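Keep the model open while reading.

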Amino acid sequence: MATFIDAHTHIDQHDADEWPDIVARAEEAGVGAIIAAGVTIESSERCVQLAEQFPGVVWAGVGVHPMDISGPLSDSEIARLRELASHERVVCISEVGLDWEPGRPDRVAQEQAFRAQLRLAVELNLPVIFHNREAGMEPLRIIAEEVGNKVPVVAHYFQGPLGYAHACLNQGIYLSLAKPLLRLPDLQEIIEKHAPLESIVLETDSYPQPYKKNRNNWTEPRDVPMVAAKVAELKGISVDEVAETTTATIQRVLGRDILT
């Protein structure tokens with residue numbers, strides 16, 4: 001069976017008694033490693049706890065999401081992130097970025113938090129997996145200023161458009177694909193015609209979905225093969241090739257072998 005890696009999840013947000021079954025279902029589906037990404041200091045701590053509890057499968061990302069800031073990150077918050085990011089099971093700074101949808105936190109504070117966490121990634125030589133909603137090219141400009149080519153960068157839950165895809169690829173940023181690929185024709189065209197397989201990684205962005213009445217329909221890391229199958233269809237290659245290449249790519253991004 002092909003081995004996949006889920007590069008971005010929020011499985012820490014599930015009740016802790018669900019964690020073992022979520023991990024087991026992922027392993028059964030061929031997902032050999034899962035990255036649990038934090039969105040606050042507290043959830044980053046839970047992600048580290050998860051990674052400690054399931055050392056054969058789960059790894060952690062730490063970060064404060066732009067939707068979850070209440071103002072500029074304080075020195076003490078940055079110090080705590082630095083402490084968490086130094087843990088042996090932490091493989092990236094995530095989830096960080098910009099979110100400019102109406103009603104989101106102050107944009108100046110978002111930028112301060114984003115820049116502070118990018119600097120932390122460079123300081124600790126950790127890759128960055130970042131969020132961009134409605135912020136156009138601004139995250140790429142900030143990444144260019146703060147990171148350059150010092151550490152790898154991944155665009156989380158990538159959905160396009162084409163100009164943004166080209167800008168990411170030209171900047172050496174990897175595209176992380178999730179289930180939107182199954183339903184968005186424009187995204188499918190980008191992946192088919194414009195994105196090299198070597199620039200793609202896979203994720204689910206899975207988190208609790210109580211609005212879906214059937215628990216079995218919640219997105220979980222076990223769904224990564226569905227995304228891989230769509231990439232394979234679009235590229236006209238085998239799922240095994242997608243698995244092999246995307247798994248090698250994310251491990252190259254992380255700078256370590258996370259399959260045990």
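## Pockets

A pocket is defined on a 1 Å grid over the protein atoms alone, as an open set of points with protein on both sides within 12 Å along at least five of seven lines. A cavity, by contrast, is a set of points where a 1.4 Å probe fits but cannot get out. Lining residues have an atom within 4 Å of a point. Grid points are joined across faces, edges and corners, and a volume is the space filled by probe spheres set on the points.

The largest pocket holds about 640 Å³ of space. It is lined by 23 residues, and those closest to its centre are His131, Asn132, Arg133, His156 and Tyr157. Strand β5 (residues 128–133) contributes the most to this lining, with 4 residues. By class, the lining of the largest pocket has 9 nonpolar, 9 polar and 5 charged residues. Nonpolar here covers Ala, Val, Leu, Ile, Met, Phe, Trp, Tyr, Cys and Pro; charged covers Asp, Glu, Lys and Arg; the others, Gly among them, are polar.

The second largest pocket has a volume of about 200 Å³. Of its 13 lining residues, Tyr157, Lys179, Pro180, Gln209 and Thr219 are the closest to its centre. This lining divides into 5 nonpolar, 4 polar and 4 charged residues.

## Basis of the model

The model is predicted: local features need pLDDT of at least 70, side-chain atom pairs count only at pLDDT 80 or more, and totals for chains, interfaces and linings use all residues. Residues are numbered from 1 along each chain as its sequence is written, and side-chain values use heavy atoms, with hydrogens and water left out.

## His65

His65 sits in the loop between β3 (58–62) and α3 (75–85). Helices (H or I, at least four residues) and strands (E, at least two) are DSSP runs, numbered from the N terminus. His65 is buried, at 6% relative accessible area. Buried means under 20%, exposed over 50%, partly exposed in between (1.4 Å probe, protein chains only).

Which residues does His65 touch, not counting residues up to four places away in sequence? They are Val39, Glu95, Asp99 and His131, where contact means heavy atoms within 4.5 Å.

## Cysteines

A disulfide is a pair of cysteine sulfur atoms within 2.5 Å. A search of the whole structure finds 0 disulfides. For Cys92, the nearest cysteine sulfur is that of Cys47, 9.3 Å away. Cys92 is buried, with a relative accessible area of 1%. For Cys168, the nearest cysteine sulfur is that of Cys92, 17 Å away. Cys168 is buried too, at 0%.
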